[in-house]
Amino acid sequence: MTLIDTRTPDPKRFISGSTGDWEVIIGMEVHAQVTSESKLFSGSSTAFGNPPNSNVSFVDAAMPGMLPTINEECVRQAVRTGLGLKAVINKRSVFDRKNYFYPDLPQGYQISQFKDPIVGEGKVLLDMGDETIEIGIERLHLEQDAGKSIHDQHPSMSFVDLNRSGVALMEIVSKPDLRSADEAKAYLSKLRTILRYLGTCDGNMEQGSMRADVNVSVRRPGGEFGTRCEIKNVNSVRFAGQAIEYEARRQIDILEDGGSIDQETRLFDPKLGETRSMRSKEEAHDYRYFPDPDLLPLEFDDAFVAALAEHLPELPDEKKARFVRDYGVTPYDAMVLTLDRETADYFEAVVAHGGSKRDGKAVANLLNADVAAYANSQGLAVWETHLQPAQIAGIVDLVAAGTISSKIAKDLLQIIIAEEPEGEPAEIVERRGMKQVTDLGAIEKVVDEIIAANPDQVAKVQAKPTMIGWFVGQAMKASGGKANPQALNELMKRKLGLEE
């Protein structure tokens, strides 16, 4: 593809070198396994974890005379993904043979798409703090995966597992629009979120169903594109960031020492945190692409695309905008809540539980703080914990009604987490005597004692009334957190002579 510079150089993304600043340029080729029960050109199962060579047909093993037959569901999934990426859908595409030899590629070629892919240009929007960055998608094409070579089962032999051979992949190629490791990580995460919303790929990088080839080059800010190196098969968002940071620094050091960058394919070693050379980088002509003679061009009409578009789910960007508009949550909270579809559904289930419509900001604050902290400690998402939407809704309702304070709400949540996982919030509060105290007559004596014991603080508050929070905090401690903060604040103002 022709490289076009779409970004204005940004000093906050520059990398400092001994001879000046540098800019890193990143593009990605993400291989996403299509969610489908069978492979791209055969009826073999795509189930993960089956014994080696059990998901293999004669087509996958490239037996003589076996011919590929296109899986229509894989085509549908690719078009759905293209629509989710706001991309051009090409109603005519061609399958090509990409020729290379490797032991786990039985045919001696891979069926892919070269000049005429199924999906053209699209975009992905990244939330990067206070700015939104648009990353261009160059293309998406369908291709079949290779098998897997296994080198650690025998001292002198390698084994081949063809379970993945022929599994459908979508190769999603970005434009060279990424300018930092953080942007690259955000891009991978956002792309995975979109695919999961669509249901076109499960995004499980640890199982190999989504992996990235990362192209990295460096240049002087705003200068000509440099020579790129491709880091193959990166299988985690964190590793992608580490690989980019190492590779950019490696290239800068070479150039500042007067050397040149060789275009090559490299591997990232997560144990050492560094990349190493694998082979010189191939060009398209090295693969001797030509149209696969066993497959006709793939053609469909507008009605096929329209029918798929009609049933697309609400996608992350649209859902985030709706949460901000309809629930009044902050853009940041909306972004966190929509990182996965299940968490977004959980949030809406809490807001609407029992036919009510609760304050979205109150629900978001509880979910994104205390509930998320608990979920993270268990290595789970919010929706995967034992906490039910009805329980979270109950806690929010008790705070809204003034029955408990926000501090008591935290204590109540911990009781449900650790002691009463099936507990009903209102019943727990009643049984344990956790209700907020609005009549402060019982602690008025304690308030008087706190004021009498701290004359210096009294003088400071009377000089600067905004410091009354110190006294309120002391009294809240004395009440065991049960005092109504607003009523306590009013009592303190009266006792300290701060009332207007």
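# A guided tour of the helices, cores and loops

Start by selecting helix α1 (residues 72–84) and helix α2 (residues 181–198): their axes come within 10 Å and cross at roughly 125 degrees. Axes here are lines fitted to C-alpha atoms, for helices over the stretch in contact, and angles run from 0 to 180 degrees between N-to-C directions. Helices (H or I, at least four residues) and strands (E, at least two) are DSSP runs, numbered from the N terminus.

Before going on, please note that this is a predicted model, in which local features need pLDDT of at least 70 and side-chain atom pairs count only at pLDDT 80 or more, while totals for chains, interfaces and linings use all residues. Residues are numbered from 1 along each chain as its sequence is written, and side-chain values use heavy atoms, with hydrogens and water left out.

**Stop 1: α1 and α2**

How are α1 and α2 oriented to each other? They are oblique; angles under 35 degrees count as roughly parallel, over 145 as roughly antiparallel, 65 to 115 as roughly perpendicular and the rest as oblique. The crossing of α1 past α2 is right-handed. A crossing is left-handed if the near helix is turned anticlockwise from the far one by less than a right angle, and right-handed if clockwise.

Now show the side chains of Arg-80, Thr-81 and Gly-84 in α1, and of Ile-194, Leu-195 and Leu-198 in α2, which make the contact. Contact means heavy atoms within 4.5 Å. By class, the residues of this contact are three nonpolar, two polar and one charged. Ala, Val, Leu, Ile, Met, Phe, Trp, Tyr, Cys and Pro count as nonpolar, Asp, Glu, Lys and Arg as charged, and the others, Gly among them, as polar.

**Stop 2: the nonpolar cores**

Next, select Met-28, Ile-118, Met-170, Tyr-187 and Phe-347. Of the 103 residues in the largest nonpolar core, these five touch the most other members. A nonpolar core is a set of buried Ala, Val, Leu, Ile, Met, Phe, Trp, Tyr and Cys residues joined through side-chain atoms within 4.5 Å. Buried means under 20% relative accessible area, exposed over 50%, and partly exposed in between (1.4 Å probe, protein chains only). Which element gives the most to this core? It is α2, with nine residues.

Zoom in on Met-28. Leaving out residues up to four places away in sequence, its contacts include Ile-172, Leu-178, Tyr-187, Val-214 and Ile-244.

**Stop 3: α12 and α15**

Leu-488 and Met-492 come up again here, as part of α15. Select helix α12 (residues 444–453) and helix α15 (residues 485–495), which pack at an angle of about 50 degrees with their axes 11 Å apart. That makes α12 oblique to α15, and α12 passes α15 in a right-handed crossing. On the α12 side you can show Glu-444, Val-447, Asp-448 and Ile-451, which meet Leu-488, Leu-491, Met-492, Arg-494 and Lys-495 of α15. This contact has five nonpolar, no polar and four charged residues.

**Stop 4: α5 and α7**

Move to α5 and helix α7 (residues 341–352), where the packing angle is about 20 degrees and the axes are 12 Å apart. That makes α5 roughly parallel to α7. Is the crossing of α5 past α7 left-handed or right-handed? It is left-handed. Lys-319, Arg-322, Phe-323 and Tyr-327 of α5 make the contact with Ala-344, Asp-345, Phe-347, Glu-348 and Val-351 of α7. Five of these residues are nonpolar, none polar and four charged.

**Stop 5: single residues**

Select Ser-217 in strand β11 (residues 210–219). Is Ser-217 buried or exposed? With a relative accessible area of 5%, Ser-217 is buried. Among the residues Ser-217 touches, not counting those up to four places away in sequence, are Glu-23, Ile-25, Arg-228 and Gln-251.

For a contrast, select His-311 in the loop between α4 (302–310) and α5 (316–327). His-311 counts as exposed, at 63% relative accessibility.

Finish with two asparagines. Asn-53, in the loop between β2 (20–33) and α1, has a phi near 60 degrees, a positive value in a residue other than glycine. Asn-53 is partly exposed, at 39% relative accessible area. Asn-233 sits in strand β12 (residues 229–234), and its phi, near 50 degrees, is also positive. At 42% relative accessibility, Asn-233 counts as partly exposed.
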